Amino acid sequence: MGSIGHQSGTSYETADNKYKMDHFSEKWVTSANNGNLSGNPMDISQTLENMPVGKYRLTANTIGYWQGDWQNTVPHGVYVFAENNGTEYRAEAHTIEFGGIRGTEAPAEGTPSPRNVILEFFALEGSIKIGFKTVNTNCNWVGVDNFKLEYLGLVEGGMAEELNKVITKAEELKAKYDTNQEKYSIAGEEKFTKMLQAAKDAASNPEVDDKTLGMLLTTVQTGMDTLTADVNAYKTLNQKIQDLSNAWDNGAYVDLDLPDYEQFLIDLETARDGRTFNPAEVDSIQPRADRIWMSGIKKALLNGDTDNVTGIMNNPGFTGSKDGWKYDFVSGDNKFNYGYNMGEVYQTVCDVYQELEGLPNGTYEVTLQGFYRPTLNSTCASAWGLEGDTTNDILAYAFGNNTKAKLCHPFECVQDTNTVNNCEQLTAGGAELEGKWTPNGMASAAAIMEANPDAYKLSFKCYVEDDGKLRVGITIPQAGLARYWALFDNFQIKYAGADDMSGAVSTINALIAEATDLLNNEEALTTEEAKQTLGAAIEAANNAIAEGLTLETYKAQNEALNAAIKGGHDAMSAASAFETLVTEHINNFDTGVYDPYSSKAEYGKFQDLLLDEMEPALAQSLESIKWIEDATMKIDKAYATMVSTDIDFTGASINAPADVTAMIQSPSFSVPDPNDPSKELSSIKGWVTTEGNNANATGAQSYEFYVGKGDADIHQVLYALPKGYYRLVYNGFYRAGGAVEAAVAHRDSTDARNAKVYVEAGDGKWSKELASIFDHVNEYKYDGGDFALADSLFPESDKLYHFVVNNVNGTKAAFDEGLYEGNFSFYVSENGQPVTIGVSKKEVIPNDWAIFDNFRLYYYGDGDANKPGDFTSAIEDAVTDGKANVVSTAWYTINGVRVDEPKQRGIYIRQDLMSDGTKKSVKVIVK
């Protein structure tokens, strides 16, 4: 959650029913991965004015502990506090007892028991701030309820007495640490002692006023916190020394001489024992250790003292977890798991890898055990050995930098028995397979690999360049057949030396093989330009190998081959899309879809273009991607011109706009089902997308940018539009992160609006940000997947519940009701001028989401009489007489909540973004 919330659904009570917390304020983060609130503190308070001088008692009921291991973790850093005249008083407020009552349940061992915290303090006349907060806490959940403040009247001794009490606590704290022989820095002790003496002198001096005494009281409390932090730093230091030493003694490099690293550990021990270690440097121990360690390993590799690189990998055998492995999800089921001390990917396009840095350049040999099952075992067996079998193609690879090697097939190591009762018996595949058993789960695969270290083993060489980086792991670059599955384990890496270029040769050979497969692929349509580039790159690379690779020629061939391969894939994609475009249009002529235009000359011109120029081009070899782009533009222009003949543009006006949505291809991201025209299929026909976002419409026939990488954009170019004014209408919203995080930002008026709809026509550019998802928060669900948000995130709302849509189906229902509608006007300055409409998202926030649908286009005609009231010339706004003009406008309520525009009476803030980059705010009263 990460934000302060209000808990009203569950109560907590002491077993004796003396103290009870319900309707309390709380803050929680997950305890997974040692999560706590140290970096995300809670601080809740209120200030009381015009309070009399004297003594007060503040009480409250609190909870505060670490849920990850409540039995063995002593919580700290949770306080009830009071502040007056710059002096802060605190009372510890963490949980000290368990066995409480949760709701209507019986007392339970792990249920926290509310603590009754009592804080007595002396205050000068004026304001008093009271509250509850965490300071460097190790708790992941804290809460507070039932504040009570009592005035105890004037007391003898006043502030001096309060200061003496805190001094006594400070002395007791230090005495406790000394009795327990806790270590802390000499410098910290000296500072603490001086601070205490200064406080004692002031407390005994009647000339010192109460305000000064109060400031000293706060100083003593801070000194106690600093001393505790010092002690904790030395505990961490001692544990780090032990952990680093044990890792060396029990690791792969136990016999390796690493003098710099050994001296580093000795220096840490000396600083600990002599109490000269600076506690502020405790967080730098691990980074320094890693740097010195890697430097020593690199020297040992270069000197030939070791060839073992596995030892610097993190969890190369997936022992007990998948820690240390990075996971880049692309598409599919999003399943990267571990179990039986091995890694697994199921029906997911992704990369699983580690990145090693600081390595010497040269050749590295990578070995591992792993297999890829293309689909169900029975389906694989039925196709096994058949001519032209593609069912059993391996689509998963192990890789090291630019070298790839296919994983094994599970049938390469079939068994005679049902290993650990987790195999499947094959009934097809000929004598080689029939009656044999193949792994059908992680348990059997792990048992087979453990019993036979050569089972499913593969080995390859790769090359590390001068940057010292080695990226090694598993990649599944494309989706396979149903139920495709990869298992992998036991990665090992050896260094072959800086003079060994065999790894570079392996990399180039692997790229040559990939480029050759592309060049010889006769089934996929491509371009002559791509073929020529691939052929030239292959020939140059083979010549470089024959002449003997050097580091310089390796880099050149590596770059050239990768560029040629990328160009080959791009050409195939472009050619395939072009073939689909031409074929669909021809089919639409053949099936009568375009018959409504048959009486128009443009119908025949479009058909002739397709049959006389485009279809013959497909039967030959396409020239280049540039030729495809130009041909596509010809087709789109001819299609748009034909469609425009069925639209009456002439009678359009500001009062009677013409609906010209037909000029947009798949404006609702759908097309008629050719098998049942009454139904619609998801489609982005006519739209162009960038890399890093979805390439298909959603199942609900909309389009979304979800967890994109880099720029996200989808657009299409409209042709044959007459000169004049237009309005683009659409439905869409943006969520700036996960639902809760975005709601918090929206409540605090800090939510970003990173997605926008835009239009470009000639020199004119217009755009409008998508609405915020929180512009429509509902009391009911549109879909079962809608997200319920805490009431505290909407402090001004009187709704009973607060739901927002959370998937494409709920969004479709909201859009169908007309919610999240946006629109703006633009101008086409010349007849037939190309007009680009699109949606873009330039910034990336984790878990952000933009979704949009239902584009509509209306034509108003030309002339000032038809100019919309909201129209702004994009050209004029850029510079007018050297002065800045308004580029875009945002509206906020007086409380800072962003809205599309004022819809009710009240006071609003209009914030104008000017063409020179400045912002101007104006208060507007709507009556």
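Buried means under 20% relative accessible area, exposed over 50%, and partly exposed in between, with a 1.4 Å probe and protein chains only. The model is predicted: local features need pLDDT of at least 70 and side-chain atom pairs count only at pLDDT 80 or more, while totals for chains, interfaces and linings use all residues. Residues are numbered from 1 along each chain as its sequence is written, and side-chain values use heavy atoms, with hydrogens and water left out.

**Exercise 1.** Classify the ring pair of W384 and F411, and state whether each residue is buried, partly exposed or exposed.

*Solution.* Rings of Phe, Tyr and Trp (its six-membered ring) pair if their centres lie within 6.5 Å; planes under 30 degrees apart count as stacked, over 60 as edge-to-face and the rest as tilted. By this rule there are 57 aromatic pairs. The ring centres of W384 and F411 are 5.2 Å apart and the planes stand at 65°, so this pair is edge-to-face. Next, locate the residues, using helices (H or I, at least four residues) and strands (E, at least two) as DSSP runs numbered from the N terminus. W384 lies in the loop between helix 6 (377-383) and strand 18 (397-400), and F411 in the loop between strand 19 (403-406) and strand 20 (423-425), so the pair ties together parts 27 residues apart in sequence. Finally, W384 has 22% relative accessibility and is partly exposed, whereas F411, at 4%, is buried.

**Exercise 2.** Carry out the analysis for F733 and F815.

*Solution.* The ring centres lie 6.1 Å apart with planes at 65°, so the pair is edge-to-face. F733 belongs to strand 31 (residues 724-735) and F815 to helix 14 (residues 808-816); the pair links distant parts of the chain, 82 residues apart. F733 is buried at 0% relative accessibility, and F815 is buried at 4%.

**Exercise 3.** Which strand order does the open sheet of five strands have, and which are its edge strands?

*Solution.* Two strands pair if DSSP finds at least two bridges between them. The order is 13-16-23-18-19, with antiparallel pairing. Strand 13 (326-332) and strand 19 are the edge strands, since each pairs on one side only. G400 stands opposite V472 in strand 23.

**Exercise 4.** Which residues touch the most other members of the largest nonpolar core?

*Solution.* A nonpolar core is a set of buried Ala, Val, Leu, Ile, Met, Phe, Trp, Tyr and Cys residues joined through side-chain atoms within 4.5 Å. Of the 73 residues in the largest core, L368, F488 and F491 touch the most other members. A second, separate core of 69 residues includes M614, I684, A712 and A761.
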